[in-house]
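Please load the model in your viewer and keep a selection panel at hand. The stops below go from the whole chain to single side chains.

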Amino acid sequence: MSGALQGIKVLEVGQLVQGPQAGALFADMGADVIKIELPQIGDLSRWIFLSETDTRSAYFYGCNRGKRSVTLDLRTSAGAALFKRMARDADVVLSNFKPGTMDSWGLGYEDLRAENPGLIWAAGSTFGHLGADADREGADLAGQAAGGLVSTIGRDGTPPSPVGVTIADHIASQNMTSVILAALVSRARSGLGQRVDVSLLGGQIWAQASEYTHYFMADEVPGRANGGHPLLRGLYGVFETKDGYIGVIGVPPEARDAFFIAMDKPELALDPRYQGLLASKADMAELFDMLNPVFRRKTTAQWCEALRAMGVRYAPVRDYQQVAADPGVWENGYLQKVTNAQGEEVAVVGTPISMSETPLTPSATAPMLGEHTDECLAEMGLSEAQIAALREEGTI
């Protein structure tokens, strides 16, 4: 079947994760995503090698599948002119440079709108495109730290820690995908494109909307996670087991008796402090201290079986190897096996969404640097001699 975005052309001027991951999802949806990269260098993620002896890049492969790569030096007048030509029949231009960078090359929103009024010009930044910090550079950790997320991780009295994944980049990427899709719907009605902006900082604040709203309503910073969540007073947290950890995701009233009996604490089922969601932080800390030794008596698998039988929501704390061993993540397409250009079957991260009539199709292949330069320029009508001349002068 055709992808939902078949016929949509995206020019991605992306680096690392924020822009490229949005581009990868558009490619999964069937769009023609042309990745514009600096000659000889390319996306900086190409240089984050697996090891000293393995020059493959998980960052590049994970965020650039299914795209076409064109090398083009946008800093030159010839390169910028070629990009403008490409933008004339494009639907989307997305980038995640420091605000003002595309403008300095003559490729800002107003510049490209003059070439194509229906163009959606999407930009991702670190701190937003307005304000005193707009021209500051940053990366994922800057979003996590400046947005408040780092301050919530860990336990009181210990140093704060970032999340061990590029979560700020990922959330900003999802926001970019959402707003571009909305702009495409708007264009279908009006015929006009528009400028859209997202940032790492804005994405982090939006991801913590409940916690920020608590701060505004109660004039209280929620604080650290402390193994659970600072705003949730029920049995909501991670406990150490005999061989790992398990998350308990709340105990419903009908399961309370069975749960506390299993914890060798039947008297707690009648304790008024734990009848609802209004226990104090001190009460919850005391309860966790009582339950932790009990959870250590059995394995994670044993607790999963026991909690499931009593109707308590739970989830084992798993590493990537354990997640990849779960048949359910493959059945849902969250992880998939696809065939690469060499005919080999390889595992890839699938897509987190499903569409019945226009299914998403992840590719196994990320492009080599400049692999499709000649192909894309020929589609624009350039001759072999013109392409050779551009290569000779270093524009491509």
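Select the charged side chains first: the chain has 33 positive and 48 negative ones, and the centres of the two sets lie 3 Å apart. Here Lys and Arg count as positive and Asp and Glu as negative, with His and the chain ends not counted, and the place of a charge is taken as NZ of Lys, CZ of Arg, CG of Asp or CD of Glu. The model is predicted, so local features need pLDDT of at least 70 and side-chain atom pairs count only at pLDDT 80 or more, while totals for chains, interfaces and linings use all residues. Residues are numbered from 1 along each chain as its sequence is written, and side-chain values use heavy atoms, with hydrogens and water left out.

**The whole chain**

Switch to a cartoon of the chain, whose secondary structure comes to 16 helices and 11 strands; these are DSSP runs numbered from the N terminus, helices being H or I of at least four residues and strands E of at least two. The C-alpha trace spans about 85 × 50 × 45 Å along its principal axes. Of the 396 residues, 43% count as buried, where buried means under 20% relative accessible area, exposed over 50%, and partly exposed in between (1.4 Å probe, protein chains only).

Next select residues 18-28, which make up helix H1: 10 of its 11 residues are buried, so the helix is largely enclosed by the rest of the structure. Among the buried residues of H1 are Gln-18, Pro-20, Ala-22, Leu-25, Phe-26 and Asp-28. Just after H1, Gly-30 takes a positive phi of about 105°.

Which residues does Thr-177 touch, not counting residues up to four places away in sequence? They are Ala-22, Leu-25 and Phe-26, and Thr-177 itself is found in helix H7 (residues 167-190). Thr-177 counts as buried because its relative accessibility is 4%.

**Salt bridges**

Now show the salt bridges, each defined as a side-chain nitrogen of Lys or Arg within 4 Å of a carboxyl oxygen of Asp or Glu; by this rule the count comes to 23. Begin with Asp-28 and Arg-65, whose closest N and O atoms are 2.5 Å apart. This pair links distant parts of the chain, as Asp-28 lies in helix H1 and Arg-65 in the loop between H2 and strand S3 (68-71), 37 residues apart. Both Asp-28 and Arg-65 are buried.

Move on to Lys-35, which forms a salt bridge with Glu-12, again with 2.5 Å between the closest N and O atoms. Lys-35 belongs to strand S2 (residues 32-37) and Glu-12 to strand S1 (residues 9-13), 23 residues apart, and both Lys-35 and Glu-12 are buried.

Asp-374 is in helix H15 (residues 373-379) and Arg-391 in helix H16 (residues 384-392), 17 residues apart. Asp-374 counts as partly exposed because its relative accessibility is 39%, and Arg-391 is partly exposed with a relative accessible area of 39%.

**A nonpolar surface patch**

Select Leu-16, Ile-41, Leu-44, Trp-47, Ile-48, Phe-49 and Tyr-59, which form a nonpolar patch on the surface with about 620 Å² of accessible area together. Patches are made of residues with over 30% relative accessible area and no salt bridge, like charges being joined within 9 Å and nonpolar side chains (Val, Leu, Ile, Met, Phe, Trp, Tyr) within 5 Å. Tyr-59 sits in helix H2 (residues 58-63) and, at 34% relative accessibility, counts as partly exposed.

**Two last stops**

Centre on Asp-103 in helix H4 (residues 101-104). Beyond residues up to four places away in sequence, Asp-103 touches Gly-108, Tyr-109 and Asp-111.

Finish at Ala-142 in helix H6 (residues 140-146), which is partly exposed with a relative accessible area of 22%. Leaving aside neighbours within four places in sequence, Ala-142 is in contact with Thr-126, Phe-127 and Gly-147.

Methods. Accessible areas come from the Shrake-Rupley method with a 1.4 Å probe; for residues, only the protein chains shown count as cover. Contact means heavy atoms within 4.5 Å.
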